[in-house]
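Good morning. I will go through one structure today, starting with a pocket and ending with a cavity. Please have a look at it first.

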Amino acid sequence: MDGYTDNDISHVVEADKAHVWHHLIQHKPFETGEPRIVVEGKGIRVWDQKGREFIDAVSGAVWTVNVGYGRESIADAVREQLVKMNYFAGAAGTIPGAIFAEKLIEKMPGMSRVYYTNSGSEANEKAFKMIRQIAHKRYGGKKTKILYRDRDYHGGTYGTMSAGGQDERVMQYGPMAPDFVRVPHCMEYRAQWDLSGEEYGRKAADAIEEVILREGPETVGALCLEPITAGGGVITPPPGYWDRVQEICRKYDVLLHIDEVVCGMGRTGKWFGYQHYGIEPDFVTLAKGVASGYAAIACCVTTEKVFDLFKSDPTDPMDHFRDISTFGGCTGGPAAALENMRIIEDEGLVENAEKMGERLTANLKALEEKHEVIGDVRGIGLFQGLELVKDRESKEPVAEADIGAVVAGCAERGVIIGASNRSVPGLNNVLCFSPALIATPADIDAITDAVDGALTAVFG
């Protein structure tokens with residue numbers, strides 16, 4: 001590669017500064033400084049252009065690299081498949097597409113069909129389109145409204161932004177698409193009702209029913225929720241919540257769409273986050289950890305009941321799902337996903353996520369005892385968060401600048417962590433942790449030791 005050697009990548013840095021538009025970041029500082037260039041990854045660690053080593057406690061910054069970096073077997077599987085057959089549009093099948101769909105459905109009792117796309121946003125868009133088409137096919141075009149939850153995130157396209165519960169992510173991008181309706185969040189730490197535990201969980205679900213009744217059940221087609229809210233603050237649902245949500249959806253003939261883009265593929269200590277709660281969804285959307293970032297792939301998974309709605313009248317040219325995802329036809333994605341799944345199974349990584357998640361929780365709880373600034377510890381498996389507050393009684397959030405200082409302090413100590421950002425106005429105060437499922441006890445301890453040091457440096 002022109003201008004690049006292992007010992008000098010100054011040209012790469014200059015090319016990046018001159019031409020790359022990075023995601024989620026203000027570029028003004030790069031006029032005098034440098035962006036981070038991630039040069040290499042191995043296991044749970046990455047190295048930047050200056051040779052600095054970091055433990056990556058957020059799996060590629062956005063909860064993606066579930067099996068860790070440097071997996072030659074995945075790269076080999078992708079290369080072998082690309083040489084044999086790299087692409088054919090999804091109107092036809094491919095060998096890895098068929099086999100991965102079969103393997104995936106084995107992990108998802110009650111689900112049966114896989115629609116391939118190339119991103120989580122696109123997978124959610126496909127579900128929204130199916131829901132809208134069902135409204136026209138079965139309900140005279142009336143049940144078009146899709147409910148979404150405050151603080152949840154479903155993607156960066158206009159449909160998914162319209163179903164976005166993180167207000168800062170949609171500011172300055174409106175107007176949004178019609179017939180997307182918000183329901184309240186379920187976070188007990190910032191309670192909306194003077195209740196706790198199961199009573200709070202049921203009340204938060206009852207609030208969804210109130211919205212359905214307000215809008216008119218005959219107009220509401222679906223409810224789209226993350227099983228555990230990710231970027232909106234790592235919010236685990238209270239007990240009683242999901243049972244009542246399922247009951248409400250069935251009562252009003254509302255399709256249940258579970259967005260597993262972050263939770264899926266073992267991160268929570270089960271294959272899928274919804275499986276902690278006994279939910280029976282109509283749609284499940286997946287991306288990120290499906291191939292651990294080794295190839296682009298996402299899936300919109302449905303039940304056979306949903307699938308059957310799109311083949312009822314073969315003489316009607318409008319009856320089927322009239323949609324295509326160009327890069328849903330890439331074979332590298334399912335080839336990578338198959339090897340990714342094999343690694344998760346053979347190395348017991350779902351079980352490891354559960355075990356290391358318990359250690360991470362214990363370590364974070366110990367930090368909560370030590371640091372008054374920690375208001376709440378939340379999460380499950382290797383998917384956890386710390387909410388930082390100025391005062392535990394008032395729960396006033398710390399300044400965003402202080403959150404940034406903690407993240408920077410961890411980086412100084414060799415650990416990359418995440419934080420909620422451009423999410424909920426005034427409440428971007430949650431540190432996020434999602435290390436690869438291969439994390440060891442030593443890795444977990446190193447992560448929390450860095451947080452301990454950074455919190456002490458910033459808050460005393």
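**A pocket, some rings and a cavity**

The lining of the second largest pocket draws at least two residues from each of α4 (95-106), β4, β10 and α10. Helices here are DSSP runs of H or I with at least four residues, strands are runs of E with at least two, and both are numbered from the N terminus.

Before I go on, this is a predicted model, in which local features need pLDDT of at least 70, side-chain atom pairs count only at pLDDT 80 or more, and totals for chains, interfaces and linings use all residues. Residues are numbered from 1 along each chain as its sequence is written, and side-chain values use heavy atoms, with hydrogens and water left out.

Back to the pocket. On a 1 Å grid over the protein atoms alone, a pocket is an open set of points with protein on both sides within 12 Å along at least five of seven lines, while a cavity is a set where a 1.4 Å probe fits but cannot get out; lining residues have an atom within 4 Å of a point. Grid points are joined across faces, edges and corners, and a volume is the space filled by probe spheres set on the points.

The second largest pocket holds about 800 Å³ of space. Its lining has 30 residues, and G90, V114, Y115, Y116 and F307 lie nearest the centre. Which element gives the most to this lining? It is β4, with four residues. By type, the lining has 17 nonpolar, eleven polar and two charged residues. Nonpolar covers Ala, Val, Leu, Ile, Met, Phe, Trp, Tyr, Cys and Pro; charged covers Asp, Glu, Lys and Arg; the others, Gly among them, are polar.

F307 also has a charge over its ring: the charged end of R113 sits 3.8 Å from the ring centre. The rule is that NZ of Lys or CZ of Arg is within 6 Å of the ring centre and within 35 degrees of the ring normal.

T302 is in strand β10 (residues 298-302). Is T302 buried or exposed? It is buried, with a relative accessible area of 4%; buried means under 20%, exposed over 50%, and partly exposed in between, with a 1.4 Å probe and protein chains only. Not counting residues up to four places away in sequence, T302 touches M111, S112, R113, M130, D282, F283 and F307, where contact means heavy atoms within 4.5 Å.

Now the rings. The whole structure has eight aromatic pairs. Rings of Phe, Tyr and Trp (its six-membered ring) pair if their centres lie within 6.5 Å; planes under 30 degrees apart are stacked, over 60 edge-to-face, and the rest tilted. W63 is in helix α2 (residues 59-63) and F383 in the loop between β11 (374-379) and β12 (384-391), 320 residues apart. W63 is buried at 11% relative accessibility, and F383 is buried at 0%.

Another pair is Y115 and F321, with centres 5.4 Å apart and planes at 70°, so this one is edge-to-face. Y115, F310 and F321 form one aromatic cluster.

Last, the cavity. The structure holds one cavity of 30 Å³ or more, and the largest cavity has a volume of about 40 Å³.
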